[in-house]
Amino acid sequence: MSAEEKNVYYQADTPVPETPPPGKAPAPWKKTRFIGKSATRVDAYERVSGRALYPSDISLPRMLYGAILRSPHPKARVKRIDAKDAERMNGVHAVISASTPGADLYWPYAADKKVKLFDPLCLYEGETVAAVAAETPYQAWDAVRAIQVGYEVLPFVVDERKSLDPHTPAVHPEGNRVKPVEIYERGEVAKGFAEADVVLEQSYRTECELHTPLEAHGCVARWDHDKLIIWESTQGVFPVQARVAEVLNMPLSKVRVIGHYMGGAFGSKLQTDKSTIIAALLAKRTGRPVKLFLTREETYLAVGNRPPANMKLKAGVKKDGTLTAFQFSGTATGGAFPAGGTSLLDWLVRELYLCPHVRCELSDLYINAGPSRPFRAPGHPQGAWALEQMMDALAEAIRMDPVELRLKNIPSFSQAREGKPPYTTTGLKDCLEQGAKAFGWAEARKATSDIPKKALVRRGVGVASCVWFVGGGGPPSTVILRLFSDGSVNLNMGASDIGTGTKTVMALVVAEELGVKPDIIQIEHADTGTTQYATASGGSKTVPTESPAVRAAAIEVKQQLLKLAGEEMKLDPSALTIEGGVVVSANDPSKKLKIAEIPGLKSRGVIVGIGYRGPNPKNKFVNPFCAQFCEVEVDMRTGEVKIIRFLSANDSGRVMNRLTYNNQVIGGITMGIGLATTERRILDGSQTGKMVNRNWHDYKLPTALDVPALITSLPIDRPDDEANITGSKGLGEPVTIPTAAAIANAIYDATGIRMAVSPINPVTLCEVLAKSRKEG
Amino acid sequence: MGDEKTSDPKACKAKGITRRRFLTTMGASAAVAAASSGKLAADTPKEPELLKAEETARITLSINGRRHPLLVEPRWSLLYVLRERLGLTATKVGCERGECGACTVLIDDVPRYACLTLAVEAQGTRITTLEGLMTGEDLGPVQRAFLEDDAFQCGYCTPGQIMAAEGLLRTNPAPSEEEIRRGMSGNLCRCGAYDHIFKAVRRAATMKKRKGGPT
């Protein structure tokens, strides 16, 4: 795991204040009124009415529009820039490039890879060269097109499979390896293979996948003297604040980043983009606010991707289903800068199934393409594509049901971590067993095996499962809760709601703990100027990170409230509860007092509770698990695959909101369908090195016509009370990890053909079908 | 110029905007677009002048039942005018090339991509945006259905999805499952909430029916 990802996902060792104090954890909720039920979102009205102001909706007086000139070549040196014509054009207020005073800044792609904001050496198509601010976006783009740039076009490599070949141009002077080959080893694989009854080996590849959230990356930047305000489409306002302050050499207090709404990200907005700095520079230079949002094409080139992965897996198994050895090698690329190209690619091989002998080798290589960014469970869907297809092949080889083979090898502890610490909870067995039962796995397997091999339309079923590397959350998080004198509540937290329903879950936690209705809770969030520090929303950690802090804050408020009520009611606070905005004596329900009528509260006006996220349990790991089942129909003549149904069984600890939980499940499956069947970045490796499918026509996402009619969400609702005080674990990433592999397995079940390269589309499948017919 | 009577909304709906009307819309006062071939040349015998991008045309757009007189550059998209000139930001910008449907509005009750519609083309039509489905602060039935069924995640494609659903239900009040999928297939949702979107469209159809026809 790269240092960047460590910062993004996990800060388990951070010493933090704790509320409630250590050893005084509140009892887990038993019977709940709000938690675990289906609740529509607290901000649903804003989102369906159009009242929600996304950063790209922000419009300010005298605002200009920014546009960026980017390198059209995968590798080139900028020899000269002539912006005279552009500067004179109607509506143009500023053109900036490397030579502009104030624009000569460093940009840290990685800790040891700093380049200039406008670096003369462009290492990928889409690297920033110059930028414009004008009265309208049309004028800004006119000016971008009028800037004359002299490029020295340099030899490039855009295919990581050729990156280490002799005579391949080096992306960086030190060569095309990001770091030495990373090796993980436990046991002795040779011994393991010797013990096996069956040994199989197969190569796999997943293609590069692009995030393409509906709202592009960008911001509106406005200076107020020496203070900078940025409305940014981001997963975390605090990381943006930190990076902007670092690059512009400003105090954190002078950089305010606001990100109330954002239109999707999937990991690509965990980090700050160069365009934010460029917007700030343009705003400074013109003395006017600047809106700078990327075009769709730019989002394909420059703001991240899921790296393509080339994998080889050799596996040994005994006839009784005992796994004996895994040998895995993976080669991948994070593009032109260190960006975690191989990050977590081997994690499932190391961790998911009991196996004594494991060896993994990872090679992270440079190519001249846009840097990767974390993409919904980095490395995992790729690794699952290899491991889960291999598990199916092993099961077939030893004539065992694929579900049974998986059930036979479930660990209760983290094999790949130092000291083999146990998991707090592992619901993988339940996911597989209950999932298979609800899906009707045995019946479906029988039905598909009964289809004649000559049938032109065949059906198949597939299974795949996963663990997610993190997903337990952790400190730091601070939340402030205010109870007003009328019993209504304001929740103040720094975390972003990236569309997963974070705000709604937090309102439910407050409602559950304080016995108030969710609709009287107002939430302020994701604003570095007015809310509390939080890490970016990613890594499926937001609910398990923030919800315990929110519960802690609610408990702080409750204790103060009951004390005030107790004074008035002349009862011990420990004998009081709150129900529906009324303080009630637990022993004598006739003794009650409305929150709004507590004199102590009226005179104070407000009760403030501060909640901190305490540490995770020591020497244990908190991870979510998932198993998915699907059924497909394959037309053997056309290679068309229709996905008939999907079921996802998830152990993500306590279900917080069933409605948004289900939504995550169907969304993760939909995204996995894209990886499996439609999505692939195509770079023109032989001639120009340019991306040829930089739009949604040529790079196809799953549409309304590509998703199955039946998607079933089956929560294994088991609160993980050891993990944290809400018992929750992450959900957003596990739901997409096994999807593509489950589809590949179902296609194998239908056709008898192992499709080891993604995406499986009519073209690729037809080719293999035709070949298999020829070979008979 | 700006005379809505000269246009024939029915023809517009059937064939999209005609080239002829496009030119008359823009041409009368300030400039005439460059064109020199076929029938068009016969219609405009004078030497055609090249229309500069930044020369503005005076148009009136009918949006959500209100008339908006505007000065627009002929190249401005309806999307740009709605969002950046009129502040109607419910209509979202996703790709500006007719791929994602985030900018879907109704033009004479038919879902259209505002990014592929020039503002000058939209003159003489009836434009409805998400804001136009509201009654004051109250949500319309499709909006309520999307709320109830959690038919979104990040919510950015949602206005376009709602407009596509509204357009579908105005022409087909009781769509089949397949018709719902087809009707919604021009709108991408990267969060992948399609399953909930289909549910919401079904619910909206029922709500509208109960209310007695489209609203």
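Two residues are taken to be in contact if their C-beta atoms, placed from the backbone, lie within 7 Å. The structure described here is a predicted model, in which local features need pLDDT of at least 70 and side-chain atom pairs count only at pLDDT 80 or more, whereas totals for chains, interfaces and linings use all residues. Residues are numbered from 1 along each chain as its sequence is written, and chains are lettered from A, with ligands numbered from 1, in the order in which they are written.

In chain B, 58% of the contacts between residues at least 6 apart in sequence join residues at least 24 apart. In chain A, residues 24 or more positions apart account for 80% of the contacts with a separation of 6 or more. Burial was assigned by counting neighbours: a residue is buried if 20 or more other C-beta atoms lie within 10 Å of its own, exposed if 12 or fewer, and partly exposed in between, the C-beta atoms being placed from the backbone. On this basis 59% of the 776 residues of chain A count as buried, and 50% of the 215 residues of chain B do.

Secondary structure was taken from DSSP runs, with helices (H or I, at least four residues) and strands (E, at least two) numbered from the N terminus. Chain A has 19 helices and 28 strands, and its C-alpha trace spans about 90 × 75 × 45 Å along the principal axes.

The domain assignment of chain A, with bounds from an automatic or database domain assignment, gives domain 1 (3–31 + 473–612), domain 2 (55–154 + 212–302) and domain 3 (309–471 + 620–775). The C-alpha centres of domain 2 of chain A and domain 3 of chain A lie 37 Å apart, and the contact between these two domains takes 20 residues from each of them. On the side of domain 2 of chain A that touches domain 3 of chain A, strand S4 (106–110) and helix H8 (296–302) of chain A each supply at least two residues, with H8(A) giving the most, 5 residues. By class, this side of domain 2 of chain A has 10 nonpolar, 5 polar and 5 charged residues, where Ala, Val, Leu, Ile, Met, Phe, Trp, Tyr, Cys and Pro count as nonpolar, Asp, Glu, Lys and Arg as charged, and the others, Gly among them, as polar.

The buried residues of H12(A) are Leu428(A), Cys431(A), Leu432(A), Gly435(A), Ala436(A) and Phe439(A). These residues cover an arc of only 110° around the axis, which puts them on the same side of H12(A), the arc being that of the directions from the helix axis to the C-beta atoms. Their cover includes helix H11 (402–407), helix H13 (441–449), strand S18 (457–467), strand S26 (625–635), strand S27 (641–651) and strand S28 (710–715) of chain A. After H12(A) comes Gly440(A), whose phi is positive, near 75°.

Chain B contains 8 helices and 5 strands, and its elements run α-α-α-β-β-α-β-β-β-α-α-α-α from the N terminus on. Its domain assignment gives domain 1 (4–130) and domain 2 (134–211), and 15 residues of domain 1 of chain B are in contact with 13 residues of domain 2 of chain B. Strand S3 (104–107) and strand S4 (110–113) of chain B each supply at least two residues of the side of domain 1 of chain B that touches domain 2 of chain B, and the largest share, 3 residues, comes from S3(B). The residues of that side divide into 9 nonpolar, 4 polar and 2 charged.

Ile180(B) is found in helix H7 of chain B and counts as buried, with 23 C-beta neighbours inside 10 Å. Not counting residues up to four places away in sequence, Ile180(B) touches Pro175(B), Phe198(B), Val201(B) and Arg202(B); of the pair Ile180(B) and Phe198(B), the C-alpha atoms are 6.7 Å apart in space, at 18 residues apart in sequence.

Between the chains, the contact takes 45 residues from chain B and 45 residues from chain A. Helix H5 (141–148), helix H6 (158–171), helix H7 (177–184) and helix H8 (194–211) of chain B each supply at least two residues of the side of chain B that touches chain A, the largest share, 4 residues, coming from H5(B). The residues of this side of chain B divide into 22 nonpolar, 10 polar and 13 charged.
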